[in-house]
Amino acid sequence: MQSPGPSLFARELAEIAWHAGEIILSHYERQGAIETRHKDDASPVTAADEEAEEFILARLCHLAAGCAVIAEEDVAAGHRQAIGDRFFLVDPLDGTKEFINRNGEFTVNIAEIVKKKPVRGVVYAPAIGRLFVGEIPGGAFEIKTQPHVLPDFDNPRRIIARLPDDGLVAVASRSHRDEKTEEYLANFPVKEFVSAGSSLKFCLVAAGEADIYPRHGRTMEWDTGAGHAVLSAAGGSVKQLNGKPFVYGKTEESYANPFFVARGCT
């Protein structure tokens, strides 16, 4: 029998993500252009990324003391730490381009990894009021949110990935859709395309709003871990394009991912 909602630990992670989202919204709602710098890999970073990550790391230090946390901006700053069988992945502001462009499709991502698999994840899109939580076992859920009001974490809505029989809805990156993705999807009965930014793409598949999300571009583990956890908990899957398992803790690759496909079925 499945539990009626996320575990206490998952809800605590969701609350951390919500508060990080409030930090991000404090920057997002200010008038004027968002000040941006570029990291060594030419990707953009803002004060919102850094402040949200600082908050998440401090909270995880208390919630999961002694457990390694691999966080995007911390890694970009040159910090390295050993990981064990259990560790966390944090992307404090996934979809920085969406944040800068103020289209709302950016997320806070927190994932728990155990033995190379994502077992728990939170994806929060504060500007559009969507907060997703997934854990295995337990299931996947969406929690209603609104800016500056603490959500009711005790009343989630269970979400389940669907198995369509009349064609697929494909979701692609708003910022990174490419020719290889188009060629890959040509092999499937796609009836509709939708675009979304950040890890929301995983969550649209998990919520039964889309069916397939292939990615040929570069991603890092902190980009995918939380969304992967939500989708897996909803009954979907994330695999390499060749069908091999999509795993985490790839320290020799500096946490870079292979290409993958996320689907609403296993």
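Arg120 touches Ser7, Phe9, Ala10, Leu13, Ile110, Ala111, Glu112, Gly134, Glu135 and Ala229, leaving aside residues up to four places away in sequence; contact means heavy atoms within 4.5 Å. This is a predicted model: local features need pLDDT of at least 70, side-chain atom pairs count only at pLDDT 80 or more, and totals for chains, interfaces and linings use all residues. Residues are numbered from 1 along each chain as its sequence is written, and side-chain values use heavy atoms, with hydrogens and water left out.

Arg120 sits in strand β6; strands (E, at least two residues) and helices (H or I, at least four) are DSSP runs, numbered from the N terminus. Arg120 counts as buried because its relative accessibility is 16%. Buried means under 20% relative accessible area, exposed over 50%, partly exposed in between (1.4 Å probe, protein chains only). The side chain of Arg120 makes a polar contact of 2.4 Å with that of Glu112. Another, of 2.7 Å, joins the side chains of Arg120 and Glu135. A polar contact is a pair of N or O atoms within 3.5 Å; within protein, one must be able to donate a hydrogen and the other to accept it, and residues adjacent in sequence count only if both atoms are side-chain atoms.

Now the cysteines. The count of disulfides (pairs of cysteine sulfur atoms within 2.5 Å) is zero. Cys61 counts as exposed, at 51% relative accessibility. Cys67 counts as buried, at 16%.
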